[in-house]
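Hi,

Here is the structure I promised to send over. Have a look at it first, and then read on for my notes.

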Amino acid sequence: MSNIKGKVVVITGASSGIGENAAKYLAENGAKVVIAARSEGKLQDIVEEINSENGTAAYKVTDVTDEKNVEALIDFAIDKFGHVDTLINGAGQMLFSMWENTRVDEWENMIDLNIKGTLYGIAAVLPHMKERGKGQIINVGSIAGHAVGEGHGVYSSTKYAIKAITESLRKEVSVKHGIQAALVSPGVISTNWQDSVTDQDVKGVLDNMKEVAIDTSHVSKAIAFVVDQPSDVMINDVIVTPTHQEW
């Protein structure tokens, strides 16, 4: 993974799950990582662990639903390391619910975090990458952005949006400005995401999914594969699912 070494990688949603694992894995392979999330304590612990193992990491407490927060994150990374090579838009929330239960507040939370958070990241880093004539924007989608399951309605809608955003971004900035745009879509992953689900009517769906879940490290390796590509090669879409997951 020679192309990862020395790259400055900003990762949102990095206090747990895929974001945390990806930060550690990329740092192990020589990247300088700037991790972001709302939980300062968790970010501090991750940075201390990476730096104690001869990696290079820094953190910035960030709420990706706040455009100015995300702008400050990118500015921080540039001030700290001189530039940004890669942005991984990993912040997101998965709140399954049935339509008839009309969890409007949860729908709005997912729209703000999953869609707006990704858009704010793109808006903040794109001018910098255009100026440099290169860069990578990696959006973390979901298998739910390729196929809709029971209880997935609004969550799937946000991830279909991420797919459309990535495809459009690719068509507009890749050829013209040399900026690589990629979508990495995980299937069922072993994280604590089920703990956030409040709708008990989807419990059966969650139980079935947990039985086939795979470790976050498999997604981190897929993300690292994308980061490792040279500037003249673009990986468009990567889907990583458990072998026994139906979709």
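Let me start with charge: the protein chain carries 22 positive and 33 negative side chains, and the centres of those two sets sit 7 Å apart. Before you go further, please keep in mind that this is a predicted model.

**Overall build**

You'll find seven helices and seven strands in the protein chain. Going along the sequence, they come in the pattern β-α-β-α-β-α-β-α-β-α-β-α-α-β. The radius of gyration is 17 Å, close to the 18 Å that the globule rule gives for 247 residues, so the chain is as compact as a globular protein of that length.

Of the 247 residues, 51% are buried. The accessible surface of the chain is about 11300 Å², and carbon and sulfur atoms account for 45% of that. As for contacts, if you take those with a separation of 6 or more, 70% are between residues 24 or more positions apart.

In soluble globular proteins, nonpolar side chains tend to be buried together. Here, the largest nonpolar core has 35 residues, and the ones with the most contacts inside it are Leu26, Val33, Ile88 and Ile223. Several elements supply at least two residues each to this core, including strand S1 (8–12), helix H1 (17–28), strand S2 (32–37) and helix H2 (40–52).

Setting aside its neighbours within four places in sequence, Ile223 is in contact with Ile18, Ala22, Ile88, Ile138, Val140 and Val184. Apart from the 35-residue core lies another core, of 30 residues, with Ala58, Leu87, Ile179 and Ala181 among them.

Gly117 lies in helix H4 (residues 104–132). Is Gly117 buried or exposed? With a relative accessibility of 6%, Gly117 counts as buried, because the cut-off for that is under 20%. Not counting residues up to four places away in sequence, Gly117 touches Val64, Asn89 and Asp112. Gly117 and Gly13 are 104 residues apart along the chain, yet their C-alpha atoms are separated by 10.0 Å.

Val173, in helix H5 (residues 153–177), also has a relative accessibility of 6% and counts as buried. Again leaving out residues up to four places away, Val173 touches Leu126, Gly178 and Ile179. Ile179 is one of the residues in the 30-residue core. Val173 and Val202 are 29 residues apart in sequence, and their C-alpha atoms are 40 Å apart in space.

Which loop holds Asn54? Asn54 is in the loop between H2 and strand S3 (56–61). Asn54 has a positive phi of about 70 degrees although it is not a glycine. With a relative accessible area of 75%, Asn54 is exposed.

Thr102 is another non-glycine residue with a positive phi, in this case near 40 degrees. Look for Thr102 in the loop between strand S4 (86–89) and H4.

Cheers

How values were computed:
Residues are numbered from 1 along each chain as its sequence is written. This is a predicted model: local features need pLDDT of at least 70, side-chain atom pairs count only at pLDDT 80 or more; totals for chains, interfaces and linings use all residues. Side-chain values use heavy atoms; hydrogens and water are left out. Helices (H or I, at least four residues) and strands (E, at least two) are DSSP runs, numbered from the N terminus. The radius of gyration is taken over C-alpha atoms; the globule rule is 2.2 Å times the number of residues to the power 0.38. Buried means under 20% relative accessible area, exposed over 50%, partly exposed in between (1.4 Å probe, protein chains only). Contact means heavy atoms within 4.5 Å. Accessible areas come from the Shrake-Rupley method with a 1.4 Å probe; for residues, only the protein chains shown count as cover. Lys and Arg count as positive and Asp and Glu as negative; His and the chain ends are not counted. The place of a charge is taken as NZ of Lys, CZ of Arg, CG of Asp or CD of Glu. A nonpolar core is a set of buried Ala, Val, Leu, Ile, Met, Phe, Trp, Tyr and Cys residues joined through side-chain atoms within 4.5 Å.
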